[in-house]
Amino acid sequence: MKVVLIDGQGGRLGQLLAEAINAEHIPCDLTAIGTNSIATSAMLKGGAKQGATGENPVIVACRDADIIIGPIGIVSADSLLGEVTPAMATAIGQSKALKLLLPVSHCSNQVVGVKQLSMSEMVKATVERLKELC
């Protein structure tokens, strides 16, 4: 199963997710795509096996991904302080992959009715869902 982990800015969320996915030994091909090189580096330090940076890697990785994981802002153009381009948001949104989107509220997106969780609680819930899917 191909899992694409997308994050931006400092990549802390992506790094925590990569660490947790590896710690649980989830049988998947984990690819980290950062909207910038710092985010990519953080996710690789977290244990992603391969990584790339920028718009075209997002577009290419989303073509055959089974699952895409990232903050909710990855599906909104110009989010993450402008790091998510319209082409990135379109590629993610149009991908047939299941999207596990974390409701990180600093992305100017809020999902009404969703309980406010800490970063570690969101990571744990995401990894549990990924285990169910794999």
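User: Starting with glutamate 55, what is it in contact with, ignoring neighbours within four places in sequence?

Analyst: Once its neighbours within four places in sequence are left aside, glutamate 55 is in contact with Thr85, Ala87 and Met88. Please keep in mind that we are looking at a predicted model.

User: What kind of contact joins the side chains of glutamate 55 and threonine 85?

Analyst: The side chains of glutamate 55 and threonine 85 are joined by a polar contact of 2.6 Å.

User: And where does glutamate 55 sit, and is it exposed, partly exposed or buried?

Analyst: Glutamate 55 has its place in helix α3, and with a relative accessible area of 35% it is partly exposed. For a sense of distance, serine 41 is 14 residues from glutamate 55 along the chain, and their C-alpha atoms are separated by 16 Å.

User: How do α3 and α5 pack, in terms of angle and axis distance?

Analyst: Helix α3, which covers residues 55-63, packs with helix α5, residues 86-94, at an angle of about 10°, and their axes are 9 Å apart. Angles under 35 degrees count as roughly parallel, and therefore α3 and α5 are roughly parallel to each other.

User: Which residues make that contact?

Analyst: From α3 the contact is made by Glu55, Val58, Ile59 and Cys62, and from α5 by Ala87, Met88, Ala91 and Ile92. By residue class, the contact of α3 with α5 divides into 7 nonpolar residues, no polar ones and 1 charged.

User: Staying in α3 for a moment, what about proline 57?

Analyst: Proline 57 also lies in helix α3, and its relative accessible area of 22% makes it partly exposed. Leaving aside neighbours within four places in sequence, proline 57 is in contact with Ile33 and Ala52. Its C-alpha atom is separated by 9.1 Å from that of methionine 88, which is 31 residues away along the chain.

User: How far is alanine 77 from proline 57?

Analyst: Alanine 77 and proline 57 are 16 Å apart in space, C-alpha to C-alpha, and 20 residues apart in sequence. Alanine 77 lies in the loop between β4 and α4, where it is partly exposed with a relative accessible area of 40%. With neighbours within four places in sequence set aside, alanine 77 is in contact with Val84, Thr85, Pro86 and Ala89.

User: Going back to leucine 130, what does it touch beyond its neighbours within four places in sequence?

Analyst: Leucine 130 is in contact with Val3, Ile21, Ile26, Ile67, Ile69 and Leu100, leaving those sequence neighbours aside.

User: Next up is threonine 35: where is it, and is it buried or exposed?

Analyst: Threonine 35 is placed in the loop between β2 and α2 (37-45), and at 12% relative accessibility it counts as buried. Its side chain makes a polar contact of 2.4 Å with the side chain of glutamate 83. Not counting residues up to four places away in sequence, threonine 35 touches Asp7, Gly8, Gln9, Thr53, Glu83, Val84 and Met88.

User: Gln9 is on that list, so what is its phi?

Analyst: Phi of glutamine 9 is near 50°, a positive value in a residue other than glycine. Glutamine 9 lies in the loop between β1 and α1 and is partly exposed, with a relative accessible area of 24%.

User: Last one, what can you tell me about leucine 81 and its phi?

Analyst: Leucine 81 has a positive phi of about 60° although it is not a glycine. Leucine 81 is found in helix α4, residues 79-82, and with a relative accessible area of 81% it is exposed.

Definitions and conventions. Residues are numbered from 1 along each chain as its sequence is written. This is a predicted model: local features need pLDDT of at least 70, side-chain atom pairs count only at pLDDT 80 or more; totals for chains, interfaces and linings use all residues. Side-chain values use heavy atoms; hydrogens and water are left out. Contact means heavy atoms within 4.5 Å. Axes are lines fitted to C-alpha atoms, for helices over the stretch in contact, and angles run from 0 to 180 degrees between N-to-C directions. Helices (H or I, at least four residues) and strands (E, at least two) are DSSP runs, numbered from the N terminus. Angles under 35 degrees count as roughly parallel, over 145 as roughly antiparallel, 65 to 115 as roughly perpendicular and the rest as oblique. Ala, Val, Leu, Ile, Met, Phe, Trp, Tyr, Cys and Pro count as nonpolar, Asp, Glu, Lys and Arg as charged, and the others, Gly among them, as polar. Buried means under 20% relative accessible area, exposed over 50%, partly exposed in between (1.4 Å probe, protein chains only). A polar contact is a pair of N or O atoms within 3.5 Å; within protein, one must be able to donate a hydrogen and the other to accept it, and residues adjacent in sequence count only if both atoms are side-chain atoms.
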